[in-house]
Each structure stands twice: as C-alpha cells, then as structure tokens.
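This briefing is for a reader meeting the structure for the first time.

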Amino acid sequence: VPIFSGAASSSMHISTNIVANYRQSYNFENSDFAISFMIRPTAVSTHPDGSVIIVKGGLSDDHGVNSNGDIISYPDTPKTPYGVTMNSSYELEFTRNNLDEVVAVSGSLIQNQLHHVVLQKSGSSLYIYIDNVLIQTADDLIISSACANKSDIYIGNAQTLDRGFDGLIDNLKIYPSTLTSADRSLLYHTLGRGTTVVG
C-alpha cells in the first residue's frame, strides 16, 4: 500500500518513454475518462496550491522544425488535462486546465479516514463522487481538446517536488471511459469501503 510522507522523495510517476501510446492513452483530451482511488489523508497540505494527489502536468519538450529545416525542441505549454489536489482544509479538487480556462469540482475528506473517490469526465460535465455519493458536478471546458500535453503523470507530489501529500493513496485506476453506477458501487464495496466483508 503506497504511503506518502510529503517529502520530496515520496512520490511516484509514470514516464512517457515507458508506456506505449502514452499521449493518446493518458491525455483523453475530449474523450470521457474516469479516475478511481482510495485515499486517507494524515496531515494537511502546507503548499498554498495544495498537495498533489495525481496530476498529468509539469515540464516536457515538444518538437518542431525551424525555418532552416532543423528539428528543434522547445518547452511544452503547461496545460493540465487533469489534476487532483488536496488543500489545507482537506478539500479534494479535480481540475482541468487548457491555459485559457480552468474548471473544477471538489469535495471534503476527513483526516485519518479512508475514502473511496471517483472522478470522471462524462460528455460535457465533470463529476466527483466520494464514498459512492455524488458530491458536485460542473460543466467541462468548452475547448477541452486543447488540454493535451506530453508530461508525465505524478502521484503524491508535483514535478517540482514541493507539493507532497501525507497519507495513503491506493488502488489508483485510470479508465478511458466513464463508470456506471454499478461500476462505482462495485469499486466502493470491494476496495476497502462499503459493507462487503471477505473471510
């Protein structure tokens, strides 16, 4: 079970060079997607922008051809197809950012309590479910296809290593589609929450 300490060395990331079709598989852009995970925060965030739970963002290179026909590298713009953070009030926030606009949904967590969270983009809306209860919805970005980036996915901290999370993040699953109510219920009841007991 991944326990994060908030330290700069306490994080995980999925690198672009080890996952096949990374950009297509994990940007989602204008497509539906869902993120499911268990979380138990043990301390508040000290960073003004909150602790990172999971984010596809940070610095990366893009490539182009200059007027001389040379292939050049240049910094990719810091668009964020999805980011999940927790602030000093234990509020979880799910955002999408295409440089021109930011949209977010949020919900409250309780310190030292295990929660199951589902975040999803379905059609033109964003949703946040905590412990199998719909907490908030919002209209998605009008030009959500502009959210693509080539950055890595960071879990438990940002690429800058200064937004560390304290607590547990487990059973993180990223789906290239939305989850039905039956899907969410099954995850809630089998990933450490709900009423299912085995043994």
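The model is a predicted one.

**Hairpins around β8**

- Four residues separate the strands in the hairpin of β8 and β9, and L99 takes a positive phi near 80° there.
- As background, strands of a sheet pair through backbone hydrogen bonds, in either a parallel or an antiparallel way.

- Six strands make up an open sheet with antiparallel pairing, in the order β1-β14-β3-β10-β11-β12.
- Its edge strands are β1 (3-5) and β12 (133-139), each of which pairs on one side only.
- From one strand to the next, the twist averages 25°.
- Strand β11 (residues 125-130) and β12 run antiparallel and are joined by six bridges.
- L126 has A138 in β12 as its bridge partner.
- Helix α2 (residues 181-190) lies across β3 (33-41), β10 (115-122), β11 and β14 (166-175).
- The helix runs at about 160° to β10.

**Nonpolar cores**

- The largest nonpolar core has 29 residues.
- Those with the most contacts inside this core are F37, I39, I53, V84, L92 and F94.
- At least two residues of this core come from each of β3, β4 (51-56), β7, β8, β9, β10, β11 and β13 (153-155).
- β3 gives the most to this core, with four residues.
- Another core, of five residues, lies apart from the largest one, and among its members are A34, V118, Y129 and L187.

**Contacts of L92**

- Which residues does L92 touch, not counting residues up to four places away in sequence?
- L92 touches F37, I39, I53, V84, T85, M86, V105, S106, G107, L109, V117 and I128.
- Among these, F37, I39, I53 and V84 are also listed with L92 as having the most contacts inside the largest core.

Notes: Residues are numbered from 1 along each chain as its sequence is written. This is a predicted model: local features need pLDDT of at least 70, side-chain atom pairs count only at pLDDT 80 or more; totals for chains, interfaces and linings use all residues. Side-chain values use heavy atoms; hydrogens and water are left out. Two strands pair if DSSP finds at least two bridges between them. Axes are lines fitted to C-alpha atoms, for helices over the stretch in contact, and angles run from 0 to 180 degrees between N-to-C directions. Contact means heavy atoms within 4.5 Å. A nonpolar core is a set of buried Ala, Val, Leu, Ile, Met, Phe, Trp, Tyr and Cys residues joined through side-chain atoms within 4.5 Å. Buried means under 20% relative accessible area, exposed over 50%, partly exposed in between (1.4 Å probe, protein chains only).
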